[in-house]
There are 2 protein chains.
Amino acid sequence: MPSSQPAIICVAITGSLPRKSDNPAVPVSIEEQVESTHAAFEAGASICHAHVRNYDETPSSDPDLFARLKDGLEKHCPGMIIQFSTGGRSGAGRARGGMLPLAPDMASLSVGSNNFPTRVYENPPDLVSWLAGEMRNYGVKPEIEAFDLSHILQAKAMVDRGELVSPPYIQFVMGVKNAMPADRDVFDYYVHTVKRLFGDIPWCAAGIGRHQIELNAWAAEAGGHLRT
Amino acid sequence: MPSSQPAIICVAITGSLPRKSDNPAVPVSIEEQVESTHAAFEAGASICHAHVRNYDETPSSDPDLFARLKDGLEKHCPGMIIQFSTGGRSGAGRARGGMLPLAPDMASLSVGSNNFPTRVYENPPDLVSWLAGEMRNYGVKPEIEAFDLSHILQAKAMVDRGELVSPPYIQFVMGVKNAMPADRDVFDYYVHTVKRLFGDIPWCAAGIGRHQIELNAWAAEAGGHLRT
Ligand SMILES: [Zn+2]
Ligand SMILES: [Zn+2]
Ligand SMILES: [Zn+2]
Ligand SMILES: [Zn+2]
């Protein structure tokens, strides 16, 4: 049942993984990220999902880098929704939320743990609660990253406990090796589960790597928003 | 659709968590475990899912303790299927599979990571592959512990890669805080997913703590096996 609202397009400007040596077009410096987002904004993207990098291209959660990115995006992309990633540095503990006092419009929030291609993506329960609390404190809207089905039910439990503001905004992430594959039957069940637990609320979906176009098509057809 | 086969009952004699200080009836020594299993065997249980403990009651994966348990069970419960847990000591790495050369009939195998009440249950991809390989080497039948939906799809991926013998035997685990709750809609989708991916194969379900009776009822109704 396609939504009558136009789909919101979220652009992920720099993931936590690819480096310039993999793909010279990957925007890594703050200046490159702002210009790349500016182009996506003019092409119609309305949310910017952002990671930042250190000078050596390793994933960072340095609040100063996030502050410079926020300044640049506010100048070049006025009105764009800025979403910071708190997920890029598994194992880094509360440093992952050190940029939340900058009060971006949104931040990603993982509410469970799962496997990634070569490691465990660790989101221990006490860190999840702390990140959710910081987001409430600074008025940041979480985007729940559902790498597995239980993460949708965990979002419901957190809403019921008052840890998440109702309704939550959930993104289905599919196609990560050793996590949830891009599976249409599961995708449809995700949509069913969100509707069953929360009613007719907005949600979005992201397909990783070669699954991006596939997931965009499924999400558009089912009335969800898209990440590109 | 209830199965025409009688349900197999699996008894978990000592979990990884409760201690004598919580419940004096918890069997902790090998002798206590054997006698408690003997009673369950005479009451009709046909699989014994076993953890072992050190003298201080902390979880152990000491192959000598597993060997003593196996000897005792073979004497007191002839014909019972012995299943060793490889899951009780998150973080212990390959020590978790140190008892597999004893060639028990079965062993539990977690194929993904997830949250537990207060921590991450870590099953990194390389450890999962190694444990599955040891089970193939020693002719041990894995019981896949599905703490989340993606674990069922991961079992399918491992069968397709030849890492698991087909068909796998999957247990749905529900009711662990911060993992998958005991949710009937999800339970039905688990059953649907096993059937979709593998056809009409046996499976079982376990409800943790107060959810045990509920899950037993659901499993019996849907034609699955039970853990008590
Ligand atoms: Zn991200
Ligand atoms: Zn610009
Ligand atoms: Zn166990
Ligand atoms: Zn006996």
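Reader: Which residue with a positive phi follows H3(B), and what is that phi near?
Author: This is a predicted model. Helix H3 of chain B covers residues 125-137. H3(B) is followed by Gly139(B). The phi of Gly139(B) is positive, near 65 degrees.

Reader: Which elements do the buried residues of H3(B) pack against?
Author: The buried residues of H3(B) include Leu127(B), Val128(B), Leu131(B) and Met135(B). The buried residues of H3(B) pack against elements of chain A and chain B. From chain A comes strand E7 (114-115). From chain B come strand E6 (106-109), strand E9 (141-146) and H4.

Reader: Is Leu127(B) buried or exposed?
Author: Leu127(B) lies in helix H3 of chain B. Buried means under 20% relative accessible area. Leu127(B) has 9% relative accessibility, so Leu127(B) counts as buried.

Reader: Which residues is Leu127(B) in contact with, leaving aside neighbours within four places in sequence?
Author: Consider Gly97(B) as a reference point, 30 residues from Leu127(B) in sequence. The C-alpha to C-alpha distance between Leu127(B) and Gly97(B) is 9.4 Å. With neighbours within four places left aside, the contacts of Leu127(B) are Gly93(B), Arg94(B) and Arg96(B).

Reader: Where are the buried residues of H1(B) around the helix axis?
Author: The buried residues of H1(B) are Ile30(B), Gln33(B), Val34(B), Thr37(B), His38(B) and Ala40(B). They cover an arc of only 165 degrees around the axis, so they lie on the same side of H1(B).

Reader: Which residue just after H1(B) takes a positive phi?
Author: Helix H1 of chain B covers residues 30-42. A positive phi of about 120 degrees comes just after H1(B). The residue that takes this phi is Gly44(B).

Reader: Which residue of chain A does Gln154(B) touch?
Author: Gln154(B) is found in helix H4 of chain B. At 8% relative accessibility, Gln154(B) counts as buried. Leaving out residues up to four places away in sequence, Gln154(B) touches Val111(B) and Arg161(B) in chain B. In chain A, Gln154(B) touches Asn178(A).

Reader: Which residue stands opposite Phe84(A) in E6(A)?
Author: Four bridges join E2(A) to E5(A), and these strands run parallel. Ile47(A) has Ile81(A) as its bridge partner in E5(A). Two bridges join E5(A) to E6(A), also parallel. In E6(A), Phe84(A) stands opposite Ala107(A).

Reader: How many residues has the largest nonpolar core?
Author: Phe172(B) and Phe187(B) are among the residues with the most contacts inside the core. Phe187(B) touches Phe172(B), and its other contacts include Met174(B), Trp203(B) and Trp218(B). In soluble globular proteins, nonpolar side chains tend to be buried together. The largest nonpolar core has 115 residues.

Terms used. Residues are numbered from 1 along each chain as its sequence is written. Chains are lettered from A and ligands numbered from 1 in the order in which they are written. This is a predicted model: local features need pLDDT of at least 70, side-chain atom pairs count only at pLDDT 80 or more; totals for chains, interfaces and linings use all residues. Side-chain values use heavy atoms; hydrogens and water are left out. A nonpolar core is a set of buried Ala, Val, Leu, Ile, Met, Phe, Trp, Tyr and Cys residues joined through side-chain atoms within 4.5 Å. Buried means under 20% relative accessible area, exposed over 50%, partly exposed in between (1.4 Å probe, protein chains only). Contact means heavy atoms within 4.5 Å. Two strands pair if DSSP finds at least two bridges between them. The expected span of a helix is 1.5 Å times one less than its number of residues. The arc is that of the directions from the helix axis to the C-beta atoms.
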